[in-house]
Amino acid sequence: MTNNSLRIVFMGTPDFAVPSLQILIENNYEVVGVITAPDKPAGRGHKIQLSPVKKYALEKGLTILQPTNLKSEEFISELKALNANLQIVVAFRMLPEVIWKMPALGTFNLHGSLLPQYRGAAPINWAVINGDAESGVTTFFINENIDTGKIILQEKIKISPSTTAGELHDQLMELGKKLVLDTVYRIQTNNLSLLNQKDLLIKELKPAPKIFKQDCKIDWTKNKEAIYNLIRGLSPYPTAWTTIAKDGEEILMKIFSAEISDKHLAPGTLESDNKTHLYIGCNNGALKIIHLQLAGKNRMNTEDLLKGFSTTGYHIV
């Protein structure tokens, strides 16, 4: 089978998906259609925001579909009309069976974890939050259950103790595009050796559920190592946060980076010289806060914040 024998539909929306689409185009694969999220208003001006995948697809003159309902007869007809024999999914929505079963060669997904670990919506964040020493990317054929299909390929990467979720995201994005290309080539040449996830001997499966605002609230009674991992696992987005208060006024504080300290403070205690440093106590010590953002202000380092803000009298609530 040649490159021209493949007719690929690519499904994806965020930045993470763009390099995988780009590498297919650069290697002369025929992408007959791109499925991405509908345009939506964003920001204070509610300007219409195009997805990163749509922006790239427009640059390349690719056919674009933006369904609001993946089960609608109209979308299904439009998708069938593209006559694709392979579908590739990178950071998109859950597909109904009528969609993923459509192409003759199947539908495969790129997932940002070493499956079967971290099935779910936020695998990159949870790997860092849990303090894992490695992560990776997996391609697998989609089936009726979320992230459980037969594994095609995997590639591992080490996570350093200081890596943030944002940094790991970018590393896996680059690693993932190569895995997508290799996966397509193996499908094209019929050189597949599939692995059933249930055959992998995993004692404990770690989930990767969607992260909500309350999941990002810091519990200062936990160990400093766990809080440190939470902060870097949520940086830069959706961001760990806490609330400080003084004289009945409460201010939300987002924390983007911190360092583990040898200082010993009671959990939730603030200590600062109001010039260069800010420490917050944990169960077994304290963290030195490096980058943060108070509600209504820009993100900045601690020293810059303290030039115009005094922590005296504030406490964690």
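Colleague: In which helix do Asp182 and Arg186 both lie?
Modeller: Helices (H or I, at least four residues) and strands (E, at least two) are DSSP runs, numbered from the N terminus. Asp182 and Arg186 are 4 residues apart, about one turn of the helix. The helix that holds both residues spans 165–188 and is H6.

Colleague: What kind of model is this?
Modeller: Residues are numbered from 1 along each chain as its sequence is written, and side-chain values use heavy atoms, with hydrogens and water left out. Local features need pLDDT of at least 70, side-chain atom pairs count only at pLDDT 80 or more, and totals for chains, interfaces and linings use all residues, for the model is predicted.

Colleague: Is Lys54 buried or exposed?
Modeller: Lys54, in helix H2 (residues 52–59), is 15 residues from Asp39, in the loop between strands E2 (31–35) and E3 (40–42). Their side chains form a salt bridge with an N to O distance of 2.9 Å. Relative accessible area (1.4 Å probe, protein chains only) sorts residues as buried under 20%, exposed over 50% and partly exposed in between. Asp39, at 31%, is partly exposed, whereas Lys54, at 11%, is buried.

Colleague: What is the relative accessibility of Lys156?
Modeller: Lys156, in strand E9 (residues 151–158), is 22 residues from Glu134, in strand E8 (residues 134–141). The two form a salt bridge, with the closest N and O atoms 4.0 Å apart. Glu134 is partly exposed at 38%. Lys156 counts as exposed, its relative accessibility being 57%.

Colleague: Which residue of E6 is the bridge partner of Val9?
Modeller: Strand E1 (residues 8–12) and strand E6 (residues 86–90) run parallel, joined by 5 bridges. In E6, the partner of Val9 is Gln87.

Colleague: What is the volume of the largest pocket?
Modeller: On a 1 Å grid over the protein atoms alone, a pocket is an open set of points where a 1.4 Å probe fits, with protein on both sides within 12 Å along at least five of seven lines; lining residues have an atom within 4 Å of a point. Of the 38 lining residues, the closest to the centre of the largest pocket are Ala91, Gly120, Ala121, Ala122 and Pro123. Grid points are joined across faces, edges and corners, and a volume is the space filled by probe spheres set on the points. For the largest pocket, this volume is about 1,400 Å³.

Colleague: Where does Pro116 lie?
Modeller: Leu115 and Pro116 are joined by a cis peptide bond, with omega about 15 degrees. Pro116 is placed in the loop between E7 and H5.

Colleague: What is the phi of Asp247?
Modeller: Asp247 lies in the loop between E10 and strand E11 (249–261), and with a relative accessible area of 77% it is exposed. Asp247 is not a glycine, yet its phi is positive, at about 55 degrees.

How values were computed
Pairing = 2+ DSSP bridges.
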